[in-house]
Amino acid sequence: VQLQASGGGLVQAGDSLRLSCVASGRTFSTYGMGWFRQGPGEEREFVAAISRSGRTTGYADSVKGRFTISRDYAKNTVYLQMNSLKPEDTAVYYCAADPSGKNSYYLTRQRYEYDYWGQGTLVTVSS
């Protein structure tokens, strides 16, 4: 599967952005999907994930209550709605797909469980 992320940009603190990630192929509904981010000089970290059924979501504590992950099966797309952005949210955001399919409610926060990665989209939040 190929993943194409988009939607990043330069915004001010308190603004909102919606990231999109389009997946190629016909097996989108069989993948758990996740968003990760990597700030300057930092390791890539988990942001949010959604199960293949869409019924389970999980978030990093740093974004809980501000970010929302969702998926549209008709468009083979996963979204990350980011509200109340902070300068510390500045990073390259990556979408990823987990094909393990343990069950329809499963999601993971572990990078190594994601086999496919998008190219990343840069989000810059100014203070």
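Tutor: One term before we start: a contact here means heavy atoms within 4.5 Å. Please also keep in mind that this is a predicted model.

Student: Okay, what does Phe 36 touch, leaving out residues up to four places away in sequence?
Tutor: Phe 36 touches Arg 44, Glu 45, Phe 46, Val 47, Val 92, Tyr 93, Tyr 94, Arg 109, Gln 110, Arg 111, Tyr 114 and Trp 117, once residues up to four places away in sequence are set aside. Phe 36 itself is found in strand β4.

Student: And is Phe 36 buried or exposed?
Tutor: Phe 36 counts as buried because its relative accessibility is 0%, and the cut-off for buried is under 20%.

Student: How many aromatic pairs does the structure hold?
Tutor: The structure holds six aromatic pairs. One of them is formed by Phe 36 and Tyr 114, an edge-to-face pair with 5.2 Å centre to centre and 80° between the planes. This pair links distant parts of the chain, with Phe 36 in strand β4 and Tyr 114 in the loop between β9 and β10, 78 residues apart.

Student: Why does Tyr 114 count as buried?
Tutor: Tyr 114 counts as buried because its relative accessibility is 5%. Ring pairs also link Phe 36, Phe 46, Tyr 114 and Trp 117 into a cluster.

Student: Back to β4, which strands does it pair with?
Tutor: β4 pairs with β9, residues 91–98, in the antiparallel sense over seven bridges, and the bridge partner of Gly 32 in β9 is Asp 98. β4 also pairs in the antiparallel sense with β5, residues 45–50, over five bridges, and there the bridge partner of Trp 35 is Ala 48.

Student: What sits between β4 and β5?
Tutor: β4 and β5 form a hairpin with six residues between them, and Gly 41 in the turn has a positive phi of about 70°.

Student: Changing topic, where is the disulfide?
Tutor: A search of the whole structure finds one disulfide, and this disulfide joins Cys 21 to Cys 95 with an S to S distance of 2.0 Å. The two cysteines link distant parts of the chain, because Cys 21 is in strand β3 and Cys 95 is in strand β9, 74 residues apart.

Student: Which hand does the link of Cys 21 and Cys 95 have?
Tutor: The link of Cys 21 and Cys 95 is right-handed, with 60° about the S-S bond. Cys 21 is buried, with a relative accessible area of 0%, and Cys 95 counts as buried at 0% relative accessibility.

Student: Which residues have the most contacts inside the largest nonpolar core?
Tutor: The largest nonpolar core has 35 residues, and those with the most contacts inside it are Trp 35, Leu 80, Met 82 and Tyr 93. Several strands contribute, including β1, β3, β4 and β9, each of which supplies at least two residues of this core.

Student: What does Leu 80 touch, again leaving out residues up to four places away in sequence?
Tutor: Among the residues that Leu 80 touches, not counting those up to four places away in sequence, are Leu 17, Trp 35, Val 47, Ala 48, Ile 69 and Tyr 93.

Student: What about β1, which residues are on its covered face?
Tutor: The covered face of β1 has Leu 3 and Ala 5, while the uncovered one has Gln 4 and Ser 6. In a regular strand the side chains alternate between the two faces of the sheet. Four bridges join β1 to β3, and these strands run antiparallel; the bridge partner of Gln 4 in β3 is Val 22.

Student: And where does Gly 7 lie?
Tutor: Gly 7 lies in the loop between β1 and β2, and Gly 7 counts as partly exposed because its relative accessibility is 32%. Not counting residues up to four places away in sequence, Gly 7 touches Leu 17, Arg 18, Leu 19 and Thr 121.

Student: Last one, which ring does the charged end of Arg 44 sit over?
Tutor: The charged end of Arg 44 sits over the ring of Tyr 94, 3.6 Å from its centre. Arg 71 lies over the face of Phe 28, at 4.4 Å from the ring centre.

Definitions and conventions:
Residues numbered from 1 in each chain as written. Heavy atoms only, no water. Pairing = 2+ DSSP bridges. Buried < 20%, exposed > 50% of the residue type's maximum accessible area, 1.4 Å probe, protein only. Phe/Tyr/Trp six-rings, centres within 6.5 Å; stacked < 30°, edge-to-face > 60°. Lys NZ or Arg CZ within 6 Å of the ring centre and 35° of its normal. Core = buried A, V, L, I, M, F, W, Y, C linked by side-chain atoms within 4.5 Å. Disulfide = S-S within 2.5 Å.
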